[in-house]
Amino acid sequence: MDMNYLTTLKLHINGEYRPVVFATHHTLLEVLREECGLTGTKHGCELGECGTCTILVDGRPVLSCLVLAADMEGKRIETVEGMQHGNELHPLQAAFADLGAAQCGYCTPGILMTAKALIAENPKPRPAEISEALAGNLCRCTGYHKIVEGVEWAAAKMRGEEGTPPEKVFYGSPVPDPHPPAPLSRPLPPPSPGEGGDR
Amino acid sequence: MANPLRKPEPEPQREPNIIGKPFRRVDGRAKVTGATRFADDLAFPRMCFARLVRSTVPHAIIVSIDFSEAEKVPGYLGALTGEEVPIPFGILPVSQDEHALCPDRVRFVGDPVVAVAAVTEDAAYEAALRVKIEYAPLPTISSVEEALATPEPRIHDYGDHGNIHKVVSMTFGEVEKGFAEADEIFEDVFFYEGNTHLPMEQHSAVAVPEDDDRVTLYSSTQTPHYVHRALSKVLELPASRIRVVACSNGGGFGGKSDPFNHEIVVAKLALKLGRPVKITLSREEVFYCHRGRHPVLMAVKTGIKKDGTITAQRLRTALDGGAYGSYGVASTYYTGALQTVTYKLPAYEFQGVRAFTNKPPCGPKRGHGTPQPRFGFEVHLDKIAVALGKNPADLRLGMLAEPDTVTANWLKIGSMGLRQCIEAVVAGSGFRERWGQLPEGRGLGLACGSYLCGAGLPIYWNHMPQSGVMLKLDRSGGVAVFCGESEIGQGSDSILAAVVAEVLGVALGDIRLCVADTDLTPVDLGSYSSRVTLMVGNAALQAAERARELIAQAVSQQLEVPQSRLVFAERRVFDAEEPDKGLTFQDAVIATEARFGTLATTGSYIPPRSPGRYRGAGVGPSPAYSYTASVVEVEVDPLTGLWNPVHVWIAHDVGKSLNPVLVLGQVEGSVYMGLGEVMMEEQAFRRLPRHLSNALVHKHPSILEYKSPTFLDMPPVTTYLIEDPDPQGPFGAKEVGQGPLLPIMPAVANAIWDAVGVRVDQVPIHPHMVLRALEAKTKGHEPRFGPKRFPDVDFGENLIVPTPEQGGDGKAINDYKETLRAGMRSASGTMMSREEALKKKKLGALTT
Amino acid sequence: MLRLPQFRYIRARSLAEAGAVLTGEGAAEGEIVRLVAGGTDLWPNLKRRNQKAQTVVSVMSIPGLSGIHANGEVRIGATTLLDDVARHPAVRQRFPAFATAVHSISSPPLRNMGTIGGNLCVDTRCTYYNQTEEWRRSIDYCMKEEGTICWVATSSPRCWAHTASDSAPMACALGARARLVSAQGERAIPVENLFRDDGIDYLAKRPDEILTDLLLPVEAASDRCGTAFWKLRRRGSIDFAVLSAAAALWTDPAGAITRARLYLGAVSSAPLAVPEAESLLVGKTPTPDLLAEAAKLARKAATPMDNTDFQTQWRGAMVQRYTEAALREAAGLPVERLAPKHELFGGVTTAAPSPLSG
């Protein structure tokens with residue numbers, strides 16, 4: 001490749017400096033995944049339409065598919081790989097894993113990064129504010145509510161609040177009592193081996 | 001490999017430690033740290049990139065291909081043409097109609113013609129743009145009606161006739177008599193537009209040549225086993241030389257369950273170039289792979305008594321199949337099969353037709369073939385309730401199918417929690433008090449649904465297990481679990497690990513999984529038809545119980561405690577009566593390894609045989625059926641026709657939640673996807689004016705213009721998990737991945753009627769449709785927007801199948817192929833050999 | 001993945017440098033040079049090969065081109081990020097409808113990248129144009145690029161691609177001005193004069209001119225001026241407008257309308273003024289009937305085409321509904337119905353506190 005079309009830069013990613021040589025027309029998404037081996041950042045359209053590739057640049061969520069890596073000199077880049085503290089998950093990561101906010105996990109890195117920026121700016125976001133902040137990130141698995149709950153509870157934890165999410169987050173809403181009660185389709189069968197006697 | 005020496009002894013009763021608990025999914029950490037490796041995240045030394053050059057014309061003969069400009073692109077490595085991969089493939093044995101690259105003609109815009117490979121993906125793309133292909137255009141077909149009217153030229157030279165791929169027609173019981181006995185007859189016509197899965201991850205595949213004549217394929221596929229089969233066939237390599245590894249899927253929803261062109265192309269190119277080759281599809285190409293929801297036109301006729309008892313139903317469906325077979329034959333049957341498992345239908349007639357059209361092939365999307373007729377049925381019932389002056393909930397509660405019965409079309413219903421589901425959403429939403437009582441512009445709608453827990457028959461009929469699990473235990477105390485299942489986000493890895501850990505009383509952290517690797521794992525047919533929890537769960541249960549039995553024998557001997565008193569819990573094996581007396585699980589395994597030698601057990605699962613014996617009876621049977629009911633509240637603006645879902649109540653009979661958080665995720669995800677379908681999602685096509693152009697193109701193959709709901713479009717959801725355990729399911733569990741989608745679309749349509757008194761009998765419900773129906777209402781016309789008529793189709797002679805109530809034996813009384821078919825089924829061969837046998841008899845291809 | 005083609009990339013340090021590159025200095029014969037700011041419009045267009053460029057010159061590093069200066073009129077530098085515009089206290093307090101319009105653009109991460117200058121100059125859109133190279137080959141391209149026919153109206157001599165900017169119609173309604181700089185000097189023109197009603201040649205500025213500032217006038221920040229922006233789109237976020245209505249009404253102390261400006265977005269190739277409606281309104285008290293009458297005139301003026309989401313005839317009907325809603329809001333009258341999803345902040349109902357707070 002013609003050297004005129006190459007860029008050499010020291011990128012600042014997740015607190016580390018990394019010298020990289022790349023084709024100038026390559027986006028930050030490509031450079032992160034292909035030159036830096038940071039494949040945690042995913043892509044879903046490469047046209048700015050889905051939010052999957054969202055990362056933070058100087059603390060603000062941006063779409064890495066529409067940013068030239070060549071423009072990143074002096075910028076602070078954060079990706080999902082930089083969220084953990086040592087071996088400990090970031091509260092957002094833990095909440096997403098525990099509350100079902102990640103199913104296939106493909107949109108998850110972009111959503112985590114956007115949520116991180118939101119909490120940094122607004123430590124106590126209301127559900128409507130979470131939805132508004134995440135409105136550029138599409139997810140096809142979850143139906144979004146588990147994600148909103150995950151962000152809410154991570155934010156609470158980051159504020160140092162005690163407590164756990166309500167039961168319905170884990171078990172669904174309590175089933176209203178019908179009148180008269182609807183019978184099960186058959187009497188409960190006796191416990192069988194391997195069924196752990198859970199009935 | 002060790003086998004249990006005798007039937008497992010029952011374990012003393014104990015509370016489950018993992019099952020039923022909201023534990024963190026086993027792949028949870030990797031997914032939130034970016035550590036999960038999706039197919040496109042893989043890179044190998046010397047890996048190069050390929051790109052498919054896809055047809056830009058909808059139907060044509062390929063005249064010439066010119067690579068001369070492409071070859072000039074720096075980094076160009078070579079190309080692959082259809083001549084090099086001439087063997088056809090397809091997911092169903094009866095429709096092996098696809099080629100990795102089109103050998104002579106193209107059938108839709110997006111059909112792959114050649115592939116080019118280059119050192120970088122940039123260069124592969126540039127080279128692909130420079131390949132010149134000359135076409136001789138053929139007439140095009142864009143709808144079922146056009147296919148019916150245009151038998152020639154044929155898109156395929158197989159199928160029932162002309163451009164009709166498949167016709168099915170069957171009668172169960174005395175339908176005409178049923179109509180005659182009815183007090184009222186209701187007839188409706190509905191249309192359900194096609195839509196697509198839109199997984200966030202674009203399909204990706206990497207092939208790595210290994211050793212001599214071996215190749216490994218890493219792919220985002222839901223069905224590594226079927227990809228394995230197709231590769232073996234097309235590459236003409238023994239299956240033992242091909243390894244398929246399914247990476248974690250970044251969403252599937254049915255869209256990654258066919259073997260695909262790009263998977264075969266990278267494998268062939270890797271062998272040709274002698275280096276790893278990757279193809280990651282662009283978003284546009286994902287729309288061309290499609291295999292999504294068929295557009296279906298439906299006509300439903302129901303006879304009903306004044307008391308709300310259905311006497312008979314006739315359903316006709318017309319499916320726009322797109323350019324290839326895919327799962328289409330099964331899809332066609334599915335548009336009729338599951339109508340009978342929710343409400344009592346004593347007599348039922350089903351006629352379906354699938355046409356070939358010059359569009360991307362349709363296939364299985366979440367709910368496979370059943371959301372369309374379910375929409376029709378549930379809106380139809382709402383109209384019936386209104387006409388009879390009944391509350392829609394009471395009408396349904398009065399006609400529920402009963403547990404432990406066999407339906408008119410010979411499906412065996414086991415547990416059936418629909419009554420509890422309806423009661424839950426009706427109580428939760430205040431449906432009885434609020435339906436029909438809300439102010440203008442607000443409305444409530446109720447609908448139900450049911451889905452399979454895995455298809456009763458495998459795609460290739462045989463007597464082998466549909467799911468296999470293998471355990472390896474050793475002195476480390478860890479348990480390695482091997483299974484062919486593939487994780488697509490639904491949590492199948494977690495269910496597999498949880499079942500094993502529960503039975504052996506160990507922690508999830510003690511389990512190591514090796515999944516979806518055709519070299520290393522026992523066959524599982526894949527993550528489709530909601531089969532994994534039930535089938536993999538049962539196979540895992542069996543493997544774990546066998547391991548427990550061996551360990552119990554060894555520990556019983558060592559501790560001198562009767563085996564029946566041994567409890568496996570808290571990573572120990574101990575005496576139920578004297579809990580301090582016991583071994584750690586690790587020591588227990590050591591004792592077992594010392595006694596029996598190296599420890600491994602297997603488990604497998606074959607569904608029970610269904611009672612249906614007629615042609616087509618293979619589609620619909622399942623070990624169990626899940627049930628769902630939903631109430632949706634909407635607001636509608638009568639000035640604009642704009643409407644919004646305000647709240648969704650949904651209750652799903654999952655049998656037993658193995659992990660309630662994962663179950664809730666599937667329910668809410670289904671609600672979301674159902675709302676997307678009814679609010680906005682459309683796989684729509686466009687013809688240009690014929691005097692100017694032959695174009696027939698996807699309207700909007702992009703994430704921006706194929707609309708899918710954002711965070712801001714999702715209403716609150718109240719979810720009730722109903723647990724009516726089914727004896728067929730592991731721990732009583734049934735499916736949850738697909739069923740909860742089914743009631744959403746009709747519940748919305750019914751709610752719009754309650755809000756503004758108009759019917760939109762099609763999906764999606766665009767605001768202009770609501771507004772048009774409102775205008776019609778104002779003018780005193782029928783307050784409805786929807787299709788007017790069902791096309792004239794020659795369905796031929798119906799297969800006549802007496803129902804169980806009539807004392808039938810599950811067979812048709814007029815199937816002239818039956819004798820031969822019965823003989824074939826008893827043989828142990830695959831569909832392929834049966835098909836060949838049939839050819840000899842000149843009877844044509846069989847259906848699944 | 002979809003990638004950019006190779007190009008020469010220059011980060012200009014001054015307007016003069018950018019202008020020189022833009023006018024072809026140092027470029028080979030026939031070389032296409034394009035200006036980029038946030039890149040949210042150009043990069044997708046280059047990736048899909050809608051546009052070509054051998055050289056791209058970025059204006060993002062030019063000092064002084066970014067920032068908001070509020071003294072009397074509000075001056076917004078062209079490279080100010082959309083999110084910074086929507087959040088700026090002076091913009092929100094004095095020009096709330098403009099903040100609403102900017103906040104409704106695309107999605108939150110995109111507003112952290114796109115600029116106000118870029119949004120004003122955003123390429124016109126069409127369902128036959130905003131597609132990949134391969135897709136466009138399958139229709140033999142269209143008039144906007146390489147082809148000869150406008151597939152939206154096949155006998156039309158012009159391209160019907162529609163304006164896609166949300167900031168433009170609102171800036172027009174407010175009577176804002178745009179400052180353009182070139183080697184020949186600079187000029188400030190009414191924003192409406194920046195646009196031409198042609199899908200291809202949609203900007204009236206000279207190719208060597210660079211948009212440097214948007215100037216929001218002090219008259220529009222007066223207590224006597226009511227403003228509103230209504231946007232119709234499918235979803236609560238991400239989508240371009242398929243219709244927008246931007247209104248500004250000035251009233252005298254007696255309540256009579258002294259000046260009215262009404263612009264529609266996405267229903268023609270440029271923000272569409274509705275002078276008939278404006279003249280109907282001036283001198284009268286804004287009664288519901290009067291505003292409804294004006295909205296009917298807006299529907300007459302608009303020519304929505306089958307080039308974007310939603311059914312065309314219905315979009316036509318919505319021109320009237322959305323214009324009426326915008327006029328009512330600008331006049332301080334309640335807006336009775338319209339599904340709230342498509343109001344204001346694109347998905348956040350007005351009952352919820354502003355997402356911009358805090």
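View 1. Glu30(A) and Arg3(C) are joined by a salt bridge whose closest N and O atoms are 3.0 Å apart, where a salt bridge is a side-chain nitrogen of Lys or Arg within 4 Å of a carboxyl oxygen of Asp or Glu. This is a predicted model, in which local features need pLDDT of at least 70 and side-chain atom pairs count only at pLDDT 80 or more, while totals for chains, interfaces and linings use all residues; side-chain values use heavy atoms, with hydrogens and water left out. Residues are numbered from 1 along each chain as its sequence is written, and chains are lettered from A in the order in which they are written. Across the interface of chain C and chain A the rule finds seven salt bridges, and there are also 15 residue pairs in polar contact, both residues being at pLDDT 80 or more (a pair of N or O atoms within 3.5 Å, one able to donate a hydrogen and the other to accept it within protein, with residues adjacent in sequence counting only if both atoms are side-chain atoms). On the side of chain C that touches chain A, α6(C) gives the most, with four residues.

View 2. The contact, meaning heavy atoms within 4.5 Å, takes 36 residues from chain C and 34 residues from chain A. About 3,100 Å² is buried between the two chains, and carbon and sulfur atoms give 58% of this area; buried area is the accessible area (1.4 Å probe) that two parts lose on being put together, summed over both. Met1(C), Gln6(C) and Met113(C) supply 19% of the area that chain C buries against chain A, more than any other three residues.

**View 3. The interface of chain B and chain A.** Here 86 residues of chain B and 74 residues of chain A take part in the contact, and the two chains bury about 6,400 Å² between them, with 58% of it on carbon and sulfur atoms. Within chain B, Val32(B), Met200(B) and Phe711(B) lose the most area to chain A, together 14% of what that side buries. The count between these chains is five salt bridges, and Asp98(A) forms a salt bridge with Arg24(B), with the closest N and O atoms 2.6 Å apart.

**View 4. The two domains of chain A.** Chain A is divided into domain 1 (1-82) and domain 2 (84-167), with bounds that come from an automatic or database domain assignment. The centres of these domains, taken over C-alpha atoms, are separated by 23 Å, and the contact takes 16 residues from domain 1 and 14 residues from domain 2. The two domains bury about 1,200 Å² between them, and the rule finds one salt bridge across their interface.

View 5. Eight of the 10 residues of helix α2 (residues 121-130) of chain B are buried, so the helix is largely enclosed by the rest of the structure; buried means under 20% relative accessible area (1.4 Å probe, protein chains only), and helices (H or I, at least four residues) and strands (E, at least two) are DSSP runs, numbered from the N terminus. Among the buried residues are Tyr125(B) and Leu129(B). The buried residues of α2(B) pack against strands of chain B, including β1 (48-54) and β5 (112-118), and against α2 (42-47) and α8 (133-137) of chain C.

Terms used: Buried < 20%, exposed > 50% of the residue type's maximum accessible area, 1.4 Å probe, protein only.
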